[in-house]
Amino acid sequence: MPTLAVVGAGPKGIAIAAKARALEAAGLAAPRVVLIDRGAVAGNWSGRQGYTSGLLALGTPPEKDVGFPYADSWGPASPAVTAAMADYTWQRLTVEPGEAIWADGVVVTGAGPPIRVAGQPDRHPRVLDGRSYWLHEHKTQVAQNACVIGSGETAASVVISLVSKLPKHSTIDVLTSRGVLYSRGESYEENRLYSDPGDWPGLAEAHRREFLVRTDRGVFSLQAEAILNQSRGFRALAGRAVAIQAGERQVAVTIEYGDERELVAYDLVVVAIGFQSGWFEGLLGEQARSRLADALGGAELERRIEPDLSVAGLRPPLHLPVVAGLAQGPGFPNLSCLGLLSDRILRRYVATDGPARLALERSERV
């Protein structure tokens, strides 16, 4: 029996483990799935590890659970697999201490460390980021003017929190390199590609990148926008933060917009421009890093992701859903298609023949 190691016991890891158990219940030879996490199950959702307060609404609707979408990916066994998936809930999951393992493949999930701005200090009380803000939000009420750097969902959740906590006459600048704040596109056609990315590889790369920018990167969700439309005390500020100088009482942010630069002082700065997707490289040993570089051959990593979400040409396989958006579909880096994500990865480790194999090959070609 092959072993599949998954770094992270969050939604992606749980979805893969649950689907493997469902495949086994349906009589298919599923791999042994081992989840590796230094925290609790879905720990980033609790609010105790940062990234969120633990009380915010998810950007992904609740109907998109660990099995969604329930596609007939496993031939005649598909109804049995779907039925078995109904047995799994978050409340039944625990994490147990383990030992070093040998695996036939590795899946890396979870958010990496926050992206930083030049000069950004570590552990400064007036400079926070998309993770540390939630661990210290109770200390932000003294700020009279704040700056949130970023215009995506991480920034939106921080702005919503600040608006509710800062004094009445406080001001919040939301610094966006796109000039204005945009809302996420959520038409039927746009949402369909998240759950059913069959047509995605057929789009030109330029159009795929444009789609990701419009619907996922640097945009506020409609839920966040609805809240902020009823709020006061914040404004969008066009520009890009190129440097931070943190003092005891104020933080100076160097803002660049076009050919102009301006130095603006704030009581509080939150750097919320996203997280490092390549954080997993720090886990690799020297030999593994060399083999990854050889597999990439100088190409961008996001262009070298195969249908099973692994890096092309790298053996044993390294599955990277977090960077699979450009090549395979916009829903794989987030929580929009956990069921399809599980199917794509597990198919590499499940021996199937006949109708089941044809169904899998058809789903890959579509």
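My model is a predicted one, where local features need pLDDT of at least 70, side-chain atom pairs count only at pLDDT 80 or more, and totals for chains, interfaces and linings use all residues. Residues are numbered from 1 along each chain as its sequence is written, and side-chain values use heavy atoms, with hydrogens and water left out.

**Entry 1, the largest cavity.** A cavity here is a set of points, on a 1 Å grid over the protein atoms alone, where a 1.4 Å probe fits but cannot get out; lining residues have an atom within 4 Å of a point. Grid points are joined across faces, edges and corners, and a volume is the space filled by probe spheres set on the points. I read off about 60 Å³ for the largest cavity. Its lining consists of K19, G67, P69, Y70, A71, W74, S78, V81, T82, M85 and D343. Which helix gives the most to this lining? I found that to be α2 (residues 78-85), with 4 residues. Helices (H or I, at least four residues) and strands (E, at least two) are DSSP runs, numbered from the N terminus. By class I noted 6 nonpolar, 3 polar and 2 charged lining residues; Ala, Val, Leu, Ile, Met, Phe, Trp, Tyr, Cys and Pro count as nonpolar, Asp, Glu, Lys and Arg as charged, and the others, Gly among them, as polar.

**Entry 2, the parallel sheet.** I traced an open sheet of 5 strands in the order β4-β11-β5-β6-β7, with parallel pairing. From one strand to the next, the twist averages 20 degrees. Two strands pair if DSSP finds at least two bridges between them; β5 (residues 145-149) and β11 (residues 268-271) have 4. Within that pair, A146 has L268 in β11 as its bridge partner. Helix α4 (residues 153-165) lies across β5, β6 (171-176), β7 and β11, at about 165 degrees to β5. Axes are lines fitted to C-alpha atoms, for helices over the stretch in contact (heavy atoms within 4.5 Å), and angles run from 0 to 180 degrees between N-to-C directions.

**Entry 3, the antiparallel sheet.** I then followed an open sheet of 3 strands, β8-β9-β10, with antiparallel pairing. Its edge strands, β8 (240-246) and β10 (260-266), each pair on one side only. I counted 6 bridges joining β8 to β9 (residues 251-257), where A246 partners V251.

Is V219 buried or exposed? At 1% relative accessibility, V219 counts as buried (buried is under 20% relative accessible area, exposed over 50%, partly exposed in between; 1.4 Å probe, protein chains only). V219 is in the loop between α6 (205-215) and α7 (222-228). Leaving aside neighbours within four places in sequence, I listed its contacts, among them S151, E153, R178 and Y182.

G13 belongs to helix α1 (residues 11-25) and is buried, at 0% relative accessible area. Not counting residues up to four places away in sequence, G13 touches V6, G8, L35 and T109. V6 stands opposite L35 in β2. I also noted that β1 (residues 3-7) has 4 of its 5 residues buried, and that β1 pairs with β2 (residues 32-36) in the parallel sense over 5 bridges.

Definitions and conventions: On a 1 Å grid over the protein atoms alone, a cavity is a set of points where a 1.4 Å probe fits but cannot get out, and a pocket is an open set with protein on both sides within 12 Å along at least five of seven lines; lining residues have an atom within 4 Å of a point.
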